[in-house]
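I opened this notebook page to record what I looked up in the structure, working from the whole chain down to single residues.

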Amino acid sequence: MAEKHGHEVLWLRPYHGQLNPIELIWAQVKKEIRKNNSNSSQKLRVIEELTRKAMNNVTVENWQKCVAHTKKVEEEFRRNDIVINHMVEKFVINISNDSSSDEE
């Protein structure tokens, strides 16, 4: 359905919320709900109204910041992977038989 309307679906890895900008947006929405729920009401209509207001307060700039942050985290992961892969290549344990004694 998304492709039919000119959109591309990008699947995100599960359990990696830091790589998903919507998780940051959702945190922003929840924070605003908590802040504005002054009487700590658990009534569904109150929470629903606060949620609608908080979601309407999400701006294009909020999204841009969250996407930029996510890209920064992704780049950091890539850099760390390169370092780890380089270190792993240096760490080799030879388990084949050779002329060394068992004590060595």
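**Overall fold.** I began with the secondary structure of the protein chain, which comes to three helices and zero strands, where helices (H or I, at least four residues) and strands (E, at least two) are DSSP runs numbered from the N terminus. Read along the sequence, the pattern is α-α-α. I note that this is a predicted model, in which local features need pLDDT of at least 70 and side-chain atom pairs count only at pLDDT 80 or more, while totals for chains, interfaces and linings use all residues. Residues are numbered from 1 along each chain as its sequence is written, and side-chain values use heavy atoms, with hydrogens and water left out.

Of the contacts (heavy atoms within 4.5 Å) with a separation of 6 or more, 66% join residues 24 or more positions apart.

For valine 29, leaving aside neighbours within four places in sequence, I recorded contacts with Ala54, Met55 and Val58.

**Glutamate 49.** I located glutamate 49 in helix 2 (residues 44–56), and with 40% relative accessibility this residue counts as partly exposed. The C-alpha atoms of glutamate 49 and isoleucine 33 are separated by 9.3 Å, the two residues being 16 residues apart along the chain.

**Threonine 70.** I placed threonine 70 in helix 3 (residues 60–90). Is threonine 70 buried or exposed? Threonine 70 counts as buried because its relative accessible area is 5%. Not counting residues up to four places away in sequence, threonine 70 touches Gln18, Leu19, Asn20, Pro21 and Leu24.

Conventions:
Buried < 20%, exposed > 50% of the residue type's maximum accessible area, 1.4 Å probe, protein only.
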